[in-house]
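Hello,

Here is the structure I promised to pass on. Please open it beside this email, and my notes will follow.

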Amino acid sequence: MAARVFTVTSGKGGVGKTTLSANLGVALAMNGRRVVVIDADVGLRNLDMMLGLENRIVYDLVDVIEGRCRLRQALVHDKRLPELFLLPAAQTRDKSAVSPDDMVRICDQLKEQHDFILIDSPAGIEQGFRYAVAPADEVLIVTNPEVSAVRDADRVVGLLEAEEKGPARLIVNRVRPDMVRRGEMLDISDVIELLAIDLVGVVPEEPDILVSANQGRPVAFSRDGSLASRAFHNIARRLQGEDVPFMPLREQGVLGRIFSFVRSGGD
Amino acid sequence: MRILERLKKGRKPSGRVAKERLRLVLAHDRAHISPGLLDTLKDEIISVISRHIDIDASSVQVTISQSARESRLVADIPLSPGRKRRGG
């Protein structure tokens, strides 16, 4: 089966594209899917650090494009997961080193040997975004429940519509259920209503995410470790075509836990 | 506590404010129509229509409405009560 190509993009920077790409890659590979994650942020590479693979890089995306190595030589194998590979970005070059055609050609070559190709797009809507979405079968738009991230996501939805890049699907990241409950954060339903695209995932903000980035070990490695990890695994399953219900993101303080313990009759 | 404070001050929850602001700004972004251009359109619509019929110019509203991702320009133009045909 030829791989499906997903591009993770957002418009705004810092909303969690790279964290999402790393965790989806891990979750899909844990389900036995053969996955390549491509860091398309040439000049500002970070996916290698998120995955803890920064010391294993020999060649990169631009080396492949400019013929200094074969594609297979540039793929970094994640020893923790036999099915997961990283194609790192070049760190000392800029986005002009890559064209949309280059990305299409590389993905075409990878499709035969893999099930999923995840492209971690750079922020912005310029050249880097253009070449990152060029090979996409489907685009995943990451946003935060926050005015500037939603506005930028809407701009990206518009650009993708203009290019007839199929319907994009939405991931709302960094949700803080406590703030939503107090009415001090946009609700998921508000974001969906505003952007008018389908939702594929909701990920709560959790300290574990930063800890895992510090360690180079995405939270998805422990499948039931946290709500965020479960959220990433749910998204992965939806990308595999499963119909997975959205889980409630109730923030449980001590009182909340006691209440739900009492309500559930203590089991 | 925060909810009580809000009730006292009559403050709208900021999540709602965010949604309302976004609704407007996305409508303008998508249609490539700035608030300034909308004002100009409104003034010109009033002047064109006033040439033919009496309207209540102060209550005219020109807005961009959204349904899913489709935008439309909506002009709400109240006619003056007991108006007569102009120009005759």
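Below are the notes, taken topic by topic.

**Ground rules**

This is a predicted model, in which local features need pLDDT of at least 70, side-chain atom pairs count only at pLDDT 80 or more, and totals for chains, interfaces and linings use all residues. Residues are numbered from 1 along each chain as its sequence is written, while chains are lettered from A and ligands numbered from 1 in the order in which they are written.

**Chain B**

Chain B holds 3 helices and 2 strands. Along the sequence the pattern is α-α-α-β-β. Helices here are DSSP runs of H or I with at least four residues, strands are runs of E with at least two, and both are numbered from the N terminus.

Of the 88 residues in chain B, 5% are buried. A residue is buried if 20 or more other C-beta atoms lie within 10 Å of its own, exposed if 12 or fewer, and partly exposed in between, with C-beta atoms placed from the backbone. Contacts between residues at least 6 apart in sequence were also sorted: in chain B, 49% of them join residues at least 24 apart. Two residues are in contact if their C-beta atoms, placed from the backbone, lie within 7 Å.

One residue to look up is B:Asp76. It sits in strand β2 (residues 70-76) of chain B. B:Asp76 counts as exposed because it has 9 C-beta neighbours inside 10 Å. Leaving out residues up to four places away in sequence, B:Asp76 touches B:Val60 and B:Gln61. B:Gln61 is 15 residues from B:Asp76 in sequence, and their C-alpha atoms are 5.1 Å apart.

**Where the chains meet**

Chain B brings 16 residues into contact with 15 residues of chain A. Helix α2 (residues 14-31) of chain B gives the largest share of chain B's side, 12 residues. By class, chain B's side has 6 nonpolar, 2 polar and 8 charged residues. Ala, Val, Leu, Ile, Met, Phe, Trp, Tyr, Cys and Pro count as nonpolar, Asp, Glu, Lys and Arg as charged, and the others, Gly among them, as polar.

Helix α7 (residues 147-162) of chain A packs with α2(B) at an angle of about 30 degrees, the axes being 10 Å apart. The two helices are therefore roughly parallel. Angles under 35 degrees count as roughly parallel, over 145 as roughly antiparallel, 65 to 115 as roughly perpendicular and the rest as oblique. Axes are lines fitted to C-alpha atoms, for helices over the stretch in contact, and angles run from 0 to 180 degrees between N-to-C directions.

The crossing of α7(A) and α2(B) is right-handed. In a right-handed crossing the near helix is turned clockwise from the far one by less than a right angle, and in a left-handed one anticlockwise. On the α7(A) side, the contact uses A:Val147, A:Val150, A:Arg151, A:Asp154, A:Arg155 and A:Gly158. On the α2(B) side, it uses B:Ala18, B:Arg21, B:Leu22, B:Val25, B:Leu26, B:Asp29 and B:Arg30. That contact has 6 nonpolar, 1 polar and 6 charged residues.

**α7 within chain A**

α7(A) also packs with helix α9 (residues 188-195) of chain A, at about 35 degrees and with axes 10 Å apart. This crossing is right-handed. A:Val150, A:Ala153, A:Asp154 and A:Val157 of α7(A) meet A:Val191, A:Leu194 and A:Leu195 of α9(A).

In helix α1 (residues 17-30) of chain A, 13 of 14 residues are buried. A:Gly32 follows α1(A) and has a positive phi, near 85 degrees.

Helix α11 (residues 227-239) of chain A crosses α1(A) at roughly 65 degrees, with the axes coming within 9 Å. The pair is therefore roughly perpendicular. The crossing is right-handed. A:Asn23, A:Leu24, A:Ala27 and A:Leu28 of α1(A) meet A:Phe232, A:His233, A:Ile235 and A:Ala236 of α11(A).

Just after α11(A), A:Gly241 has a positive phi of about 95 degrees.

Best wishes
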